[in-house]
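Colleague: I would like to learn how to read a model like this one. Please take me through it slowly.

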Amino acid sequence: MEYLHNLLKFAINMGASDIHIKANHSPSIRVASQLFPVQIDPPTLELMQEIVRHLLPQHLQVRLDREKEVDFSYFADNLGRYRVNVYQQRR
């Protein structure tokens, strides 16, 4: 979760309201209603799957499999609580 937590810390420091993460694309943060790319290596599909496995409460896995989308909250020590939306675009 180092990748995600580093991204969260960066977003906090930049005053971002949202983070957008997609496999094989550079993450973006939303600051003052505008999206800005973050200059870090894009997460691989495998890293995104690992992040989702870590974040997603187990009882919501069936809903994600069925509906291809789920909303939930995530709490990270020393970083705060976050609203999370995970969706599967393809495959």
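Modeller: Start with the terms: helices (H or I, at least four residues) and strands (E, at least two) are DSSP runs, numbered from the N terminus. This is a predicted model, in which local features need pLDDT of at least 70, side-chain atom pairs count only at pLDDT 80 or more, and totals for chains, interfaces and linings use all residues. Residues are numbered from 1 along each chain as its sequence is written, and side-chain values use heavy atoms, with hydrogens and water left out.

Colleague: How many helices and strands are in the chain?

Modeller: The chain has three helices and five strands. Read from the N terminus, their order is α-β-β-β-α-α-β-β. The radius of gyration (taken over C-alpha atoms) is 13 Å, close to the 12 Å that the globule rule (2.2 Å times the number of residues to the power 0.38) gives for 91 residues, so the chain is as compact as a globular protein of that length.

Colleague: Which strands form the open sheet, and in what order?

Modeller: Two strands pair if DSSP finds at least two bridges between them. Here three strands form an open sheet in the order S1-S2-S3, with antiparallel pairing. Strand S1 (18-20) and strand S3 (34-37) are the edges, each pairing on one side only. Four bridges join strand S2 (residues 28-31) to S3, and Ile29 stands opposite Phe36 in S3.

Colleague: Which helix packs on that sheet?

Modeller: Helix H1 (residues 2-14) does, touching S1 and S2; contact means heavy atoms within 4.5 Å. The direction of H1 makes about 25° with that of S2, where axes are lines fitted to C-alpha atoms, for helices over the stretch in contact, and angles run from 0 to 180 degrees between N-to-C directions.

Colleague: What about S4 and S5?

Modeller: Eight bridges join strand S4 (residues 69-76) to S5, and the two run antiparallel. Glu69 stands opposite Tyr87 in S5. Three residues lie between the strands of this hairpin, where Asn78 takes a positive phi near 65°.

Colleague: Which element gives the largest share of the lining of the largest pocket?

Modeller: Rolling a probe the size of a water molecule over the atoms shows where empty space is left. On a 1 Å grid over the protein atoms alone, a pocket is an open set of points where a 1.4 Å probe fits, with protein on both sides within 12 Å along at least five of seven lines; lining residues have an atom within 4 Å of a point. H2 gives the largest share of this lining, seven residues.
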